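Q: I'm new to this one. Can you walk me through the structure?

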Protein chains: 2
Amino acid sequence: MKKEVKEINDEVTGHSQLTMQVVDHVRALISSGEVHPGDRLPPERELARKLKISRSSLRAGIGFLSAMGVLKSRHGAGTFVSSGPPALDSSSLSVLGALHGFLPWQMFEARLVLESNVAALAAERATDEHIAELAEEVAEMYAALTDPQEYLIHDVRFHRTIARASGNPILGALMETITANLYEYRSKTVVNAVDLKESAEMHREIYRAIRSHNPTQARVTMEQHLNLARIAQASEAEAATQAPKSAEPEASTPEPTITSS
Amino acid sequence: MKKEVKEINDEVTGHSQLTMQVVDHVRALISSGEVHPGDRLPPERELARKLKISRSSLRAGIGFLSAMGVLKSRHGAGTFVSSGPPALDSSSLSVLGALHGFLPWQMFEARLVLESNVAALAAERATDEHIAELAEEVAEMYAALTDPQEYLIHDVRFHRTIARASGNPILGALMETITANLYEYRSKTVVNAVDLKESAEMHREIYRAIRSHNPTQARVTMEQHLNLARIAQASEAEAATQAPKSAEPEASTPEPTITSS
DNA sequence: TCATTTCATTGGCCAGGCCATAAACGTGAC
DNA sequence: GTCACGTTTATGGCCTGGCCAATGAAATGA
């Protein structure tokens, strides 16, 4: 019966010492302000010397950090600190989902829960600056109704601004993690103008709810928006599978990937 | 202006091909049922030969997977597939938090949002088996009022069962990721019997709400429970800092760690 | 002025080895 | 027989040293 104690306690950190040493060092570099998001880290060989460890061990630590989206290495150029909002690596949930069989509707439900609550928090805490940013993005969305690519940019920034306005970067990071997969898919998909118009209207309503600091309305409106988006995306995906671009039947897709719907 | 397109699109997977090859192979191993959660993977040297890659590259892939909690290597024993509920590695949020400055109250708020919504979903979808499990855990919690360690076990299992009953493993995984840090801290902390009694009462109320399939009540009761837990834990932490075990002032703790409160 | 080539820098990957740990095995005492 | 204790073996952690490939800037030429 005491096995259960171990069953819970064995889920602590784990990981080797050297790897965590690298993590701590990078964390110190960032916390101390020596490097900022977007900056390049010192070369691997140099960092390895400074930490008195081999390059392979250093690479293990870098791999760990890049696995969770903190670092990003570019062959021949260097290793960089990720910019943008905090988020776990997009492939984290993707891999976890593949292993545990996450379904598309579960993705949407999770997103719905997170975004609607974040919207409610944003309605409570948004500053005038946040509200101004939201207004800006809504305006740009209306101006980009004929350019899906451009529209998507402002769509993403609108939701990210709400996440920032919520004052809780943790919920923002979780949101970012879930939606990261969807963005990638949407960026390859064309959306017709009618849907965009409707989408812009919804965003404007969300903006209004937040501007008037009405959490309940912000939550409800966000839920409506996401539900509409889900329906639109589902019908698109259906149309896409009925007329794929190239020959590549892959009948019945035995292993459903998250991003594939 | 087109820089923004790149700004969003550069957040795609990334990662080297070899690493992803390892990820795919392990995923295939699990999906095909060749290995199950808890099983041991083939030795690194053997797997490296089978994949026609060097052992260091294989280790990069294993590091990636263990960074997100899918695998877990034990020196001298082997590499194992993680058992238990799906969850990102507990250190993910910890590191992210250290880098972006997550605050304790934000952790609790995120947990509150996730758990209350999960409880509501569980009230809608719980099967009789789930409800029976919950009743079991509540009973064991009452039986362990004088044994905080044992109590914690059933506390954790109660919440995990709710997560399973919610029918959404994604929300469950996010919940696990956030609470993982708190568990570790709580397992080292003694709780007085009065708090445990109160806690058990709350759990019973949550159980009743779920049993009667009342989502609203389940959500509200869960929120109350977590708020009480937060207050109790905060006062404990305060008492602990006023009378630390050994001499180790570390005044003002310049870098607040998530698990430290 | 601009395109092209060259070259140093840097991350990706490999080969082979040694050490530390854990588990299985054998050995002997009782 | 069985239990305790060394021994051997499998396995992950880490290192050295190297070569290749991509990148970007400097040198070069039109």
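Predicted model: local features only at pLDDT ≥ 70, side-chain atom pairs only at ≥ 80, totals over all residues.

Q: On to the DNA. How many residues surround DNA strand D, and which are the closest?
A: There are 22 around DNA strand D. The closest are A:Ser16, A:Leu18, A:Ser54, A:Ser57 and A:Gly76.

Q: And which elements give two or more residues to that surface near DNA strand D?
A: Helix H2 (17-31) and helix H4 (55-67) of chain A do, together with strand S2 (78-81) of chain B. H4(A) gives the most, with four residues.

Q: Now DNA strand C. Which residues come nearest?
A: B:Ser16, B:Leu18, B:Ser54, B:Ser57 and B:Gly76, out of 21 around DNA strand C.

Q: Which elements supply at least two residues there, near DNA strand C?
A: From chain B, helix H2 (17-31) and helix H4 (55-67). From chain A, strand S2 (78-81).

Q: And by class, near DNA strand C?
A: Five nonpolar, 14 polar and two charged residues.

Q: Back to H4(A). Is it mostly covered or mostly open?
A: H4(A) is mostly covered, with 10 of its 13 residues buried. Among them are A:Leu58, A:Ile62, A:Phe64 and A:Leu65.

Q: What do the buried residues of H4(A) pack against?
A: Within chain A, they pack against H2, helix H3 (44-51), strand S1 (71-74) and S2. In chain B, they pack against H4.

Q: How does the span of H4(A) work out?
A: Its 13 residues, at 1.5 Å a residue, should span 18 Å. The end C-alpha atoms are 18 Å apart, so the two agree.

Q: What comes just after H4(A)?
A: A:Gly69, which takes a positive phi of about 80 degrees.

Q: Last topic, the two chains. How many residues of chain A are in contact with chain B?
A: 53 residues of chain A are in contact with 53 residues of chain B. Several helices of chain A each supply at least two residues to its side, including helix H1 (3-9), helix H6 (104-125) and helix H9 (169-186).

Q: And the classes on that side of chain A?
A: The side that touches chain B has 29 nonpolar, 17 polar and seven charged residues.

Notes
Residues numbered from 1 in each chain as written. Chains lettered and ligands numbered in written order. Near = placed C-beta within 6 Å. Nonpolar A, V, L, I, M, F, W, Y, C, P; charged D, E, K, R; others polar. Contact = placed C-beta atoms within 7 Å. Expected span 1.5 Å × (residues − 1). Buried ≥ 20, exposed ≤ 12 C-beta atoms within 10 Å, placed from the backbone.
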